[in-house]
Amino acid sequence: MEAILIDCVRNSLQQLMNRNAIFMCERLCAEFPSEKNLQLLASCYLQNNQAHCAYHILKGTLMDQCRYLFALSCYQMDLLNEAEAALSPNEASAEVPNGAAGHYLLGLVYRYTDRKQKAINHFNQALSMDPLLWAAYEELCILGAAEEAALVFDEGASLCIQKQYLHRGLVSQSLHTTNEEHDVTSNRVLGSEDVSPRKLKHTHSNNLRVISGVCQGTTSNQLPLNGGPTSLPFYNTPSPMATQSQLSGVAPPPVCRNAPANGPNMRAYGADNSQRVTLNSAFAGPRRKFVDEGKLRKVSERLFSDSGQRRSMRLAGESVNTNSSTSILSGNGTSHSSKYLGGSKSNSVVYRSLTIKKSQSCASENTDEGNHHDVYDESRSNNTSSSSSPYADNRSLESEGTTRPLGTVVLSGSRVIDGASDILGLLRLLGEGFRLSCLCRCQDALSVYTRLSQKHYNTGWVLSQVGKAHFEMVDYLEADRAFSLARIASPYSLEGMDIYSTLLYHLKEDMKLSYLAHELILTDRLAPQTWCAMGNCYSLQKDHETALKNFQRSVQLNPRFAYAHTLCGHEYVALEDYENGFKSYQSALRIDSGHYNAWYGIGMIYLRQEKFEFSEHHFRMGHQINPFSSVIMSYLGTALHALKRNDEALEMIERAVIADKKNPLPLYQKANILVSMENLDGALAVLEELKEYAPRESSVYALMGSIYKRQNVFDKAMLHFGLALDLKPSATDVAAIKAAIEKLHVPDEIEEICESIDRDADA
């Protein structure tokens with residue numbers, strides 16, 4: 001009964017029927033109470049996004065897997081102290097539970113409790129245990145502590161991967177040997193012609209005992225929670241140091257990323273049915289004598305004659321699914337589209353159709369080819385000619401799977417070496433590009449991304465990273481193009497859409513921004529990126545109060561989303577609520593101390609409050625994080641100028657001009673500094689140059705008018721004041737320009753005296 005209930009729970013999870021899995025697992029725990037079964041029940045609740053249920057079920061448990069799942073539920077409930085206590089080594093266990101995944105989760109806990117160095121140590125430990133744990137390297141890049149990708153994904157990482165797969169192969173071989181012996185016994189008993197009912201009943205009970213023993217043994221040591229083979233790397237992040245009993249059934253959580261309601265790990269459920277094969281083999285023994293031996297030899301030959309090109313595509317991280325038509329189109333290694341998706345209209349349409357087919361696939365190809373991967377290669381080729389359903393021949397796969405020779409399910413050493421080399425080569429490029437982006441070396445990152453193959457460059461994640469790099473370089477048109485291609489490649493993905501909405505805000509593309517916000521609402525209304533887009537949409541319409549409500553909704557959905565806190569701060573500043581704006585920026589820095597936008601925001605608050613020393617400090621902190629931002633350098637120069645440090649201010653402004661020659665802000669600040677230094681001719685020369693970049697900026701003409709007035713060139717002063725008014729400046733600027741026109745013929749000395757008298761009278 002226990003084995004049947006366990007299999008039912010696993011099959012329900014495999015079919016994404018979480019409610020049924022929870023119900024049956026509750027029956028299992030009521031009938032057979034044990035920590036192993038409680039672990040399975042907690043996993044069901046976690047898959048159903050009910051972390052609070054898993055928390056109460058696992059509280060006080062001692063098994064390593066239970067401790068890990070308990071810590072995971074605590075993390076999702078923001079109970080970081082309890083999560084740390086559950087993951088920390090204790091008297092019962094000297095190691096962090098669940099190997100690399102446990103270290104990764106503990107690193108997240110340390111990161112969000114502001115213990116950066118401990119977080120870095122655990123992320124590095126997770127990478128040393130599992131070199132394919134990309135999320136750990138991503139966190140190191142965000143913390144600014146990542147080594148070059150070539151040093152992380154090196155030969156040592158390749159040897160670690162090979163050791164893991166050889167270990168899994170031995171476990172799989174042992175499991176298949178057990179199944180083979182059991183099948184032979186079943187055939188010997190059930191294959192006889194004269195079987196009495198009494199003997200048949202006795203045999204049936206023996207078979208059930210064998211199945212129960214196999215299921216109970218593999219529940220804790222060999223099979224992951226979804227009923228797949230031990231070679232599935234999605235749930236487990238195994239390490240050479242960890243035993244199989246330490247491996248848990250749930251992957252660590254994503255950080256600051258929106259995940260589907262049932263979690264990203266659900267896509268691995270359709271990869272295999274080995275648990276069902278184990279159970280059915282007890283009753284399907286007589287079928288084996290009807291299988292043609294010649295057919296088995298042909299299948300075996302096809303499995304071993306897999307082409308190197310297809311192998312490298314799978315092992316290099318190709319987008320995976322079991323849709324036969326998509327597999328054929330992507331497996332031939334050829335494409336008629338340019339590397340950049342915008343090469344032609346027809347190519348974009350073709351690429352979009354392929355992307356949609358991939359997104360609609362109901363099962364994902366197993367990236368670990370250690371056990372049953374070749375079986376599914378054969379099923380895809382059969383389905384191409386016989387059926388469009390990837391599960392059309394599921395029954396024949398089950399019956400044939402028990403008769404395959406052992407050599408067909410264990411990867412050869414050469415294939416493991418080639419696969420590890422291909423995967424690590426890909427991760428070196430992706431990792432180095434992401435590391436350089438986090439260091440704000442955007443041009444270098446773009447150069448790395450262009451070295452990717454076409455199939456990987458034209459994915460939503462890479463194109464979003466390219467768009468972010470162009471955005472940081474203030475190359476808004478190229479950023480818009482990259483994000484548009486990312487939307488075509490992955491219309492369902494929300495990666496980078498918060499940045500894309502801010503980009504459209506800067507471009508003042510109100511129609512495109514409204515359409516983007518509408519699409520994101522239809523895609524996932526519970527994603528923080530969606531409400532960031534909505535907030536930017538209202539902020540562009542100058543409705544700052546409604547924009548603030550949308551940004552607060554984003555923070556509510558993900559309190560660890562630093563950029564949403566920063567956007568809240570911007571809206572508070574626009575509403576002149578500096579106190580709450582300061583709090584929002586501080587919240588962003590508590591989440592990510594390297595978020596330079598928040599340092600810039602606090603500097604702007606102090607600059608408006610004329611607290612120039614504090615303003616300089618925060619601008620300088622932002623400049624240290626992003627030394628290539630011309631905007632931060634411009635305002636840092638402004639703060640230095642306010643502190644009467646004009647030489648340093650001019651030097652910083654010159655660096656800002658060199659960093660981005662298209663940005664008009666540093667040139668305008670330079671002109672102001674030169675005016676204060678009485679270098680009027682130099683200021684006019686800078687403003688004349690600035691008119692080429694910003695011909696419709698009223699403040700430029702207003703400043704030129706004031707300079708001509710000081711030079712007593714009244715006709716030119718009047719001309720430029722009039723041009724400034726024609727460009728429809730803000731109400732405050734209109735009042736200042738009109739006041740300057742009224743006092744056009746009043747000498748500056750008398751004007752300053754009158755202003756001082758007015759100030760004294762007001763006092």
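Author: Let's begin with a pair of helices, α25 and α27, which are roughly parallel to each other. That label is for angles under 35 degrees, while over 145 counts as roughly antiparallel, 65 to 115 as roughly perpendicular and the rest as oblique. Here the axes of α25 (residues 497-506) and α27 (residues 528-540) cross at roughly 10° and come within 8 Å. An axis is a line fitted to C-alpha atoms, for helices over the stretch in contact, and the angle between N-to-C directions runs from 0 to 180 degrees. On the α25 side, the contact is made by Met497, Asp498, Ser501, Thr502 and Tyr505, and α27 brings Gln529, Cys532, Ala533, Asn536, Ser539 and Leu540. By class, this contact has 5 nonpolar, 5 polar and 1 charged residues. Nonpolar covers Ala, Val, Leu, Ile, Met, Phe, Trp, Tyr, Cys and Pro; charged covers Asp, Glu, Lys and Arg; the others, Gly among them, are polar. Contact itself means heavy atoms within 4.5 Å.

Before we move on, please keep in mind that this is a predicted model, in which local features need pLDDT of at least 70, side-chain atom pairs count only at pLDDT 80 or more, and totals for chains, interfaces and linings use all residues. Residues are numbered from 1 along each chain as its sequence is written, and side-chain values use heavy atoms, with hydrogens and water left out. The helix names come from DSSP runs (H or I, at least four residues, with strands being E runs of at least two), numbered from the N terminus.

Next come the charged pairs. Side chains of opposite charge can pair when their charged atoms come close. A salt bridge here is a side-chain nitrogen of Lys or Arg within 4 Å of a carboxyl oxygen of Asp or Glu. The count by this rule comes to 17 salt bridges.

One of them joins glutamate 519 to arginine 487, with the closest N and O atoms 2.9 Å apart. Glutamate 519 sits in α26 (residues 510-523) and arginine 487 in α24 (residues 476-489), so this pair, 32 residues apart, links distant parts of the chain. Arginine 487 counts as buried at 11% relative accessibility, whereas glutamate 519 is partly exposed at 24%. Buried means under 20% relative accessible area, exposed over 50%, and partly exposed in between (1.4 Å probe, protein chains only).

Another salt bridge pairs aspartate 78 with arginine 560, their closest N and O atoms being 2.9 Å apart. Aspartate 78 lies in the loop between α5 (64-76) and α6 (80-87), and arginine 560 in the loop between α28 (544-557) and α29 (562-574), so the pair ties together parts 482 residues apart in sequence. Arginine 560 is buried, at 16% relative accessibility.

Alanine 562 is found in helix α29 and is buried too, at 8% relative accessibility. Apart from neighbours within four places in sequence, alanine 562 is in contact with Ala588, Ile591, Asp592 and His595.

Arginine 645 belongs to the loop between α33 (630-642) and α34 (646-659), while glutamate 616 is in α32 (residues 612-625), 29 residues away. Arginine 645 is partly exposed, at 29%, and glutamate 616 is buried, at 12%. Salt bridges with shared partners join Glu616, Arg620, Arg645 and Glu648 into one network.

That brings us to α33. Its end C-alpha atoms are 18 Å apart, in agreement with the 18 Å its 13 residues should span. The expected span is 1.5 Å times one less than the number of residues. This helix is mostly covered, with 10 of its 13 residues buried, among them Ile632, Met633, Tyr635 and Leu636. The buried residues of α33 pack against α31 (596-608), α32, α34 and α35 (664-676). After α33 comes lysine 644, with a positive phi near 65°.
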